[in-house]
Amino acid sequence: MQFSKSGKINKALYDMGIYTYKDAIFNLPRKYEDMSLTKETGLADKERVVVVGKIVGNVINRRFGKTSQCKFTFVSDNRNVFQVEAWNRPWLGKMLNTTDDYTLIANYDAKHNKFNMVNLLKGREASNTVKPIYHLHHDIENYWYSQFVDKAFGMISDGDIPNEIPQYFMDKYRLINKKEALYRLHFPKRFEDIRQGQRVLKYEECLNFSLRTQMIRANNKELVKDNIAPIDKKLVGDFIKTLPYKLTDDQRYTLNDILNDMNDNTLMYRLLQGDVGTGKTLVAALALYGNYLRNDQGAFMAPTDALARQHYANFVKMFKGTDIKIALLLGSSSTKERSAIRSALMNKEIDIVIGTHVLFSKDINYLTLGLAVIDEQHKFGVNQRSLLASKGSHADLLLMSATPIPRTLALTLYGDLDVSTLNQFPFESRKIETVIMSAASKKLEKRIKQSLENNKRIFIVAPMIDEGESDAISVEQLYATYLLRYPGKVGLLHGKLDQDEKNFVLEDFYSGERPILVSTTVIEVGIDVKNADLMVIYDATHFGLASLHQLRGRIGRDGTESTCVLVSDSNDEDDIDKLNVLVNSNDGFYIAEEDLRRRGPGELLGVRQSGVANFNFVNLVNDFKMFECARDDAAYILKNQDNRDFARILYKTRKIIEKENNLNSWYK
């Protein structure tokens, strides 16, 4: 479809994923500016202001390492003079002039009596309306796109955007129709218009998700195991007594729930969540031992080769005094190894197989798979995590996550699963201090030297592999820098290395041959180096909070005092506030909740790999009450399936589930 006579504009729209007028309507503003003029005197610290005026004098640009500062003087229509600073916008100096009128949006800094610029719009944009701001291709101006969307509404009919919410709930919650909701979001006259528009899209998203998860849960509960033998809990208890450590109360209660599920005639679908170090893997191992007692095979899937190898070594050690036969199967396993394991699984010569995603490959089958365990389940998609369980006619499924969230949130997010949570730590909690430092800080060099003198291990983490992927530093750049400073002591680890190279680098790191490991986030999950006491994360603002907390969990595992350094030169208030969450808290539940508030639940759910749409409108923390209502409403729909008003949403949800099941069957 050609939207414009300009080929450049059409291409820009296509690059944004806009191929129809309907696509344009669903490309919603990323934020809104209140364009009403504000007072210019008697301002409070951090107060937001909108003023119209001109720039006078020269625009001064300065650089401080990777950051830049732009300073200029702004005179309002009321002849008030303001000093303005704008950070990390080096192009401003070339764009601004002293002849045009500008609308300045800024926050007042009372301590320094200046304005910190938020936005600067050419022209007299101030009015009594709300201005939508879009995320656009650089060849498209905001005002042009707004006009284009207005045209798009005139090109489609009401039937092109039907209401998906049943009329019963439209009336119950006094919701406006969907097309009107979208129009108000694009052309609000006041902030209440935005709220009313968002209510419709958020509730629709909540209801669709809740209905889908409850239908999946109901389907799962209808699946009955065939010919299961009960697990003797006393024998599990006898094995626990042989362990060199005691279980926490949380571990004992959770294990009991899992064994009860496994003894039930319906399939287990349970999530085991807990902070780093709460002992989830031990609980899973004991569940696999119970599964062995009932003469079934078990599979344990990890997200990386390194973590799978680590679990394999730990399981071999734990079950040394038993007859349990354990195997390791990786994507890097040779054809001969893979063939031997495939044959042994079908001949029931393997009791527990540990590996990566290869465990659910098309050619890997099990004679009697009874329990599938997936570690760090958010690394796998919803479809992928069910594939492993589908390898057995009565396979229970246990998912584990070290990104814990409050139970009420978990029950809503994982509506198709039962949820168990580990809060207690088996050993004394770790002593980790988290600090924010500049990349050029001399304190950082001093702290690295201290770790080396104490024969400790040091992680240096970069957000990406190759230079040029973004403005962040790359692992290759960091490796070169640290190799110059500490020749012969630095190893490099990232996802593009082959498995032999990774193993070689990790062995040198474990042994202390190369005590500094420069890496990407491949070390985020499961790498267990007891004497690592320093984690340095460069360009820390490029990571999510949950990911930063996971990285921090790699140090201090022997109980010694450790330090996590978040390297950042950002002056952005949101960035600083985000990093201070880590500085002020080691509570994984609180951190995960804050991560949800800022980024949404897509990473935790694993939906990005699953084919299921991520939440576009709902913030699970801020909109939790709405989610609770939608959860109850979904249950009401399922109890009243004969109601014609519910037919459309039930039909759509069944089609989504059928599509997912078809994806699953493709792998089998």
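Begin by selecting strand S15 (432-437), strand S16 (457-461), helix H16 (475-485), strand S18 (516-519), strand S19 (532-537) and strand S20 (562-567), which are among the elements that cover the buried residues of helix H15. Helices here are DSSP runs of H or I with at least four residues, strands are runs of E with at least two, and both are numbered from the N terminus. The model is a predicted one, in which local features need pLDDT of at least 70 and side-chain atom pairs count only at pLDDT 80 or more, while totals for chains, interfaces and linings use all residues. Residues are numbered from 1 along each chain as its sequence is written, and side-chain values use heavy atoms, with hydrogens and water left out.

**Helix H15**

Now select residues 442-453, the 12 residues of H15, and follow the helix from its first C-alpha to its last, a reach of 17 Å that is close to the 16 Å expected at 1.5 Å a residue; the expected span is 1.5 Å times one less than the number of residues. Which residues of H15 are buried? They are Leu444, Arg447, Ile448, Ser451 and Leu452, where buried means under 20% relative accessible area, exposed means over 50%, and partly exposed lies in between (1.4 Å probe, protein chains only). An α-helix has 3.6 residues a turn, so residues three or four places apart point the same way. Turn the view to the other side of H15, and you will find Lys442, Lys443, Lys446, Lys449 and Glu453 exposed.

At the N-terminal end of H15, select Ser441, which caps the helix with a side-chain oxygen 3.2 Å from the backbone nitrogen of Lys443. Just after H15, Asn455 takes a positive phi of about 60 degrees.

Next, select Phe315 and Phe319, the residues that touch the most other members of the largest nonpolar core, which has 37 residues. A nonpolar core is a set of buried Ala, Val, Leu, Ile, Met, Phe, Trp, Tyr and Cys residues joined through side-chain atoms within 4.5 Å. Among the elements that give two or more residues to this core are helix H8 (233-241), helix H9 (249-263), helix H11 (305-318) and strand S12 (369-374), while its largest share, 8 residues, comes from H10. With residues up to four places away in sequence not counted, Phe319 touches Phe239, Ala285, Tyr289, Ile324, Ile326 and Ile352, contact meaning heavy atoms within 4.5 Å. For the second, separate core of 29 residues, select Ile165, Ala181, Tyr203 and Phe615, which it includes.

**Asp296**

Where is Asp296? Look in the loop between helix H10 (280-293) and strand S9 (297-301). Asp296 is buried, with a relative accessible area of 8%, and its side chain is joined to that of Arg294 by a polar contact of 3.3 Å. Such a contact is a pair of N or O atoms within 3.5 Å; within protein, one must be able to donate a hydrogen and the other to accept it, and residues adjacent in sequence count only if both atoms are side-chain atoms. Leaving aside neighbours within four places in sequence, Asp296 is in contact with Asn291, Asp351, Thr368, Gly370 and His394.

**Salt bridges**

The structure holds 28 salt bridges, each a side-chain nitrogen of Lys or Arg within 4 Å of a carboxyl oxygen of Asp or Glu. Side chains of opposite charge can pair when their charged atoms come close.

Select Glu33 and Arg48, whose closest N and O atoms are 2.7 Å apart in a salt bridge. This pair links distant parts of the chain, 15 residues apart, with Glu33 in strand S1 (residues 31-34) and Arg48 in strand S2 (residues 48-64). Glu33 counts as buried at 4% relative accessibility, whereas Arg48 is partly exposed at 31%.

Move on to Glu164 and Lys178, whose side chains meet in a salt bridge of 3.5 Å, N to O. Glu164 lies in the loop between helix H4 (142-155) and helix H5 (167-172) and Lys178 in helix H6 (residues 178-186), so the pair ties together parts that are 14 residues apart in sequence.
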